[in-house]
Amino acid sequence: MARRPGAPAAYREEFSFVSPLVKYLLFFFNMLFWVISMVMVAVGVYARLMKHAALACLAVDPAILLIVVGILMFLLTFCGCIGSLRENICLLQTFSLCLTIVFLLQLAAGVLGFIFSDKARGKVSEIINNAIVHYRDDLDLQNLIDFGQKKFSCCGGNSYKDWSQNMYFNCSDDNPSRERCSVPYSCCLPTPNQAVINTMCGQGMQALKYSEASNVIYTNGCIDKLVNWIHSNLFLLGGVALGLAIPQLVGILLSQILVNQIKDQIKLQLYNQQHRADPWY
């Protein structure tokens, strides 16, 4: 049957607005982060099952945090994978909306943290003090605190005497612990050529004055050290933030492009259905 003179070739039934490049690029992009999310959940579950004691405060448990982030990432990337593969507008828009919300929340957190730096400092102080209280309750938390104190050459939140908040290191006379009035070994000054770590080097340090304790341990708190480190590494932190933002923006852009292409393809199919009765089509 003859085609109407001048009919656009773009309206042929075999034509598709959906670009295979955009479709499969978005699919493999989500597949990569989908696999990463499953690894995060697996590592978090394994770490949680390997614990021998229940953590009193789940907010500072790295294993729980890893599981929660992994599950959220799994659900989000699942929508992106299936939505791109099946060309499902609902899943793609859900993926794009959730990714946009996550990006905006990260941006808002950064801006608010900068504007309300004093309140942010108070919140960090609260978290550190809470971690000190539960130091012996969880091995992962203990290793994290020890790493931080050795990395930043600090001890406690505001000072080394903050360790008295912990029931094992408390300086009260009725404390039966052998670590009474002590600090963790990670507070101790490094000893050159030390073959064996002396885990009792912080014994009785809280009972000493600053001048005396400073000869053996770090006396400055980790909060000031952390703030100073952030101020001196703003470009590094900015690069990390940009590295986290770029994949999110790429995912949002690709999903929106694919959604628009799918909508155009639907319009094309409707157009073809409406004009099949046309003798000149």
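Student: Is Phe74 buried, partly exposed or exposed in this predicted model?
Tutor: Happy to start there. The relative accessible area of Phe74 is 26%. Buried would need under 20% and exposed over 50%, so Phe74 counts as partly exposed.

Student: What kind of aromatic pair do Trp34 and Phe74 form?
Tutor: Ten aromatic pairs are found in the structure. For Trp34 and Phe74, the ring centres are 5.5 Å apart and the planes stand at 35°. Stacked needs planes under 30 degrees apart and edge-to-face over 60, so this pair is tilted.

Student: How many residues apart in sequence are the parts that Trp34 and Phe74 tie together?
Tutor: Look at the helices here. Trp34 belongs to helix H1 (residues 20-49), while Phe74 sits in helix H2 (residues 62-86). Ring pairs also link these two with Phe78 into a cluster. The parts tied together by Trp34 and Phe74 are apart in sequence by 40 residues.

Student: And which class of pair do Phe152 and Trp229 make?
Tutor: Phe152 lies in helix H5 (residues 139-152) and Trp229 in helix H7 (residues 222-232), so their pair ties together parts 77 residues apart in sequence. Their rings are 5.9 Å centre to centre, with 80° between the planes. An angle over 60 degrees sets the class, so the pair is edge-to-face.

Student: How is H7 oriented relative to H8?
Tutor: The axes of H7 and helix H8 (residues 234-274) come within 5 Å and cross at roughly 75°. Angles from 65 to 115 degrees share one class, so H7 is, relative to H8, roughly perpendicular.

Note on methods
Residues are numbered from 1 along each chain as its sequence is written. This is a predicted model: local features need pLDDT of at least 70, side-chain atom pairs count only at pLDDT 80 or more; totals for chains, interfaces and linings use all residues. Side-chain values use heavy atoms; hydrogens and water are left out. Rings of Phe, Tyr and Trp (its six-membered ring) pair if their centres lie within 6.5 Å; planes under 30 degrees apart count as stacked, over 60 as edge-to-face and the rest as tilted. Helices (H or I, at least four residues) and strands (E, at least two) are DSSP runs, numbered from the N terminus. Buried means under 20% relative accessible area, exposed over 50%, partly exposed in between (1.4 Å probe, protein chains only). Axes are lines fitted to C-alpha atoms, for helices over the stretch in contact, and angles run from 0 to 180 degrees between N-to-C directions. Angles under 35 degrees count as roughly parallel, over 145 as roughly antiparallel, 65 to 115 as roughly perpendicular and the rest as oblique.
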